[in-house]
Amino acid sequence: MARYQPTPIQLNRAEGVGYDGRATIKLQPGITYSNIALFTNLVKRATIKKVAVDLNGSEIAYASGEELDRIDQFLMKHRRAGTFVLDFARLEYRTMLGIRQKELITLPTDDVTLIIEFGSKAAEDPTVPTLKGVAMVTNVQSDRYYIPSMYRLTQNIAAAGEHELIFPNAAPNRWLQRLMFNEKNASISKIEIFRGSVRIYEATRDEVEFFFQRHGERSPVSGFFVLDTGLTGFGSDGAINSGKPGELKFKLHVDGPGAMEILVEGYDQIKQLPQAA
């Protein structure tokens, strides 16, 4: 990879900004995005219902304003009211591959749109919302080998005890780096991960939270259980391959029933890397 020196650029003007509406920003194709920051005058993060990246008609990454803030809270990053950051590059990792693997590489022929969905005005929010976008970008890259992903799953837990989650939409080219479990209805006390019949991970909640504070600069998030495979700083090596459909399973030890949302972060490898001559 070439020299790494992201620089800021101003994004195009947002169209359609307003409460209970859908704003869009057309992103310039042919450059590489390290992150995208949205500066608003909002007070409540929950007013931003969704920030999404549409690449050639497919929504490849999305999260709510609260979820983006929660990731920053977990990673102990600087946060500011009214500002929402969608990170592609992972500056918390130690190697250049880990840092840059999830960058949003756009090609000159791509059609890329940033979508921002506003909810209703909260009492604390200003009468008229404002929105401005700034991105940290690097030089054009000639090809794209990885596509970043961020999306939400929902599991319906029938009862307290052990709940098996067979990872959906698994594929040999799909990798998982962080899962954030929303414990609004049920709390997790222990997690086990299996590949087929082989257990590859087992830890209690206390152990998970001890190690991600000892090995990485991570902070527990109240009401959430976080599984971070890159806490040692090696995001590429630590990522879990989702494997063939039905192969990757999670066993969650929970204290009650209910729906559980999971924010999944990772990447898909869409092309083999070129081999050195």
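K77 sits in the loop between helix 1 and strand 6 (83-87). In this predicted model, K77 is partly exposed, with a relative accessible area of 26%. Apart from neighbours within four places in sequence, K77 is in contact with D72, D87 and E92.

Among contacts between residues at least 6 apart in sequence, 80% join residues at least 24 apart. The secondary structure of the protein chain comprises four helices and 18 strands. For 277 residues, a compact globule would have a radius of gyration near 19 Å, and the protein chain agrees because its value is 19 Å. The C-alpha trace spans about 60 × 50 × 35 Å along its principal axes. Of the 277 residues, 52% count as buried.

Which residues of helix 3 (residues 205-214) are buried? They are V208, E209 and F212. These residues cover an arc of only 90 degrees around the axis, and therefore lie on the same side of helix 3. An α-helix has 3.6 residues a turn, so residues three or four places apart point the same way. The face turned away from the buried side of helix 3 carries D206 and R214, which are exposed. The cover over the buried residues of helix 3 includes helix 1 (65-74), strand 13 (188-195), strand 14 (198-204) and strand 15 (224-228).

Is I200 buried or partly exposed? With a relative accessible area of 43%, I200 is partly exposed. Leaving aside neighbours within four places in sequence, I200 is in contact with I193, F194 and R195. I200 and V137 are 63 residues apart in sequence, and their C-alpha atoms are 37 Å apart in space.

Most residues other than glycine have a negative phi. D20 is not a glycine, yet its phi is positive, at about 55 degrees. D20 is found in the loop between strand 1 (7-10) and strand 2 (22-27). The relative accessible area of D20 is 56%, so D20 is exposed.

N169 is the second case. This residue is other than glycine and has a positive phi near 55 degrees. Where is N169 found? The loop between strand 11 (161-166) and strand 12 (174-182) holds N169. N169 is exposed, with a relative accessible area of 60%.

Key
Residues numbered from 1 in each chain as written. Predicted model: local features only at pLDDT ≥ 70, side-chain atom pairs only at ≥ 80, totals over all residues. Heavy atoms only, no water. Helix = DSSP H or I, 4+ residues; strand = E, 2+ residues; numbered from the N terminus. Rg over C-alpha atoms; globule rule 2.2 N^0.38 Å. Buried < 20%, exposed > 50% of the residue type's maximum accessible area, 1.4 Å probe, protein only. Contact = heavy atoms within 4.5 Å. Arc of directions from axis to C-beta.
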